[in-house]
Amino acid sequence: MSRDRSPRRLRRRDRNALIAASLTALSLTASGCVVVHGEREVLPAATRAEAAKALTAFTTAYNKADKAYDSSLDAPYLTGPFGDITAARLKAGHANSPSGNPRYVPLKLSDVKTTIPQKAGWPRWFVADAQGNKTGRQRWLMVFTRNGLGEHWRVAYVTLVAPGAVPEFRTDDDGWAEAVPADSAQLAVAPGKLSADYAAYLKKGGKTFADGRYTSGERADRAGRARKPGLVTQFIDRPLTSGDYAPLALRTADGGALVFFTTHHYEKQTSAPGTTVPIPNKDVRALTEGEVKQSLTLEFMSAEIALDPAGSGRVSLLGRVPGLTSAQGE
């Protein structure tokens with residue numbers, strides 16, 4: 001059986017296929033069924049209604065877990081460094097008060113400002129800036145993330161910042177913000193390098209970061225604690241940049257970026273022969289494995305927020321929230 005492959009027949013076939021495809025697309029649009037490839041299309045990470053629901057779901061779960069000292073109640077809504085820190089806090093709380101939190105006060109967030117970037121691919125994420133009722137005038141700056149349409153929105157980062165410290169973000173005419181790639185060369189430090197650079201700075205100093213409470217102040221505090229009579233403290237700092245600990249950055253109005261990133265820390269306290277290391281409090285004791293004889297190693301996760309200028313200049317740390325996640329006695 002022969003087939004007609006003449007140019008006219010091929011052109012007619014191509015035209016018919018194009019018409020059919022156009023009619024299919026028109027039909028899908030008219031019916032409201034449009035398939036969007038989120039891994040390729042640049043879209044807002046969430047609708048404003050979705051962001052509001054995510055904040056409510058998180059607050060409800062967080063309060064239930066805090067009241068009962070039960071991390072299973074908010075685990076589906078937490079991830080990253082905040083998830084690790086909160087799980088450890090609840091574990092210690094339950095060990096010391098199995099019946100629940102005797103000092104429970106529900107978290108209330110008000111004056112919420114949501115910033116939602118447009119981006120392609122996963123994870124999708126957005127930032128919520130709110131006034132909390134437990135932290136004085138400091139504001140809660142939270143990053144919500146998710147890795148697929150079927151997942152809950154989860155809080156990966158929570159940092160506390162002073163009023164007015166959050167910069168203005170660059171937005172388009174519809175109010176959507178701009179996500180900055182981890183490898184951006186437009187900033188003083190690429191967001192993906194900040195974790196490693198901060199870990200190196202804590203050890204050796206340098207000119208990458210501006211002086212402040214979480215930079216030069218942290219190094220001075222460590223120097224004072226490194227050698228006390230009868231007790232030596234050693235510090236190990238490591239970057240953490242993959243998966244749910246990956247840095248996330250928003251473009252600021254001046255062309256720089258506000259960057260959320262994670263670092264991982266250890267403090268080993270060793271006492272002089274014949275003495276023992278003091279355990280700071282009952283929460284630390286609850287998270288300690290092994291018998292504390294001559295040394296105690298504390299493991300911390302830390303969430304940082306940095307203002308990374310465009311072009312060149314020093315990076316400023318606006319906030320840092322470290323949390324003990326485990327301890328080992330020897």
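Author: Ala68 is partly exposed, with a relative accessible area of 32%, where partly exposed lies between buried (under 20%) and exposed (over 50%), taken with a 1.4 Å probe and protein chains only. This is a predicted model, in which local features need pLDDT of at least 70 and side-chain atom pairs count only at pLDDT 80 or more, while totals for chains, interfaces and linings use all residues. Residues are numbered from 1 along each chain as its sequence is written, and side-chain values use heavy atoms, with hydrogens and water left out.

Reader: In which helix is Ala68 found?

Author: Helices here are DSSP runs of H or I with at least four residues, and strands are runs of E with at least two, both numbered from the N terminus. The chain has 6 helices and 14 strands. The helix in which Ala68 is found is α2.

Reader: Which residues does Ala68 touch, not counting those up to four places away in sequence?

Author: A contact means heavy atoms within 4.5 Å. Ser99 is 31 residues from Ala68 in sequence, yet the two stand 7.1 Å apart in space, C-alpha to C-alpha. Leaving aside residues up to four places away in sequence, the residues that Ala68 touches are Leu73 and Gly100.

Reader: How many Å does helix α2 reach from its first C-alpha to its last?

Author: Helix α2 covers residues 48-68, which makes 21 residues.

Reader: What covers the buried residues of α2?

Author: Among the buried residues of α2 are Ala51, Leu55, Phe58, Tyr62 and Asp66. What covers the buried residues of this helix includes α3 (80-96) and the strands β2 (109-115), β4 (124-132), β5 (139-146) and β6 (154-161).

Reader: Which element gives the most to the lining of the largest pocket?

Author: On a 1 Å grid over the protein atoms alone, a pocket is an open set of points where a 1.4 Å probe fits, with protein on both sides within 12 Å along at least five of seven lines, and lining residues have an atom within 4 Å of a point. The largest pocket has a volume of about 660 Å³, and of its 29 lining residues the closest to the centre are Tyr62, Asp66, Ile85, Thr86 and Arg89. Elements that each supply at least two lining residues include α2 and β6. The element that gives the most, with 8 residues, is α3.

Notes. Expected span 1.5 Å × (residues − 1). Points joined across faces, edges and corners; volume = space filled by probe spheres on them.
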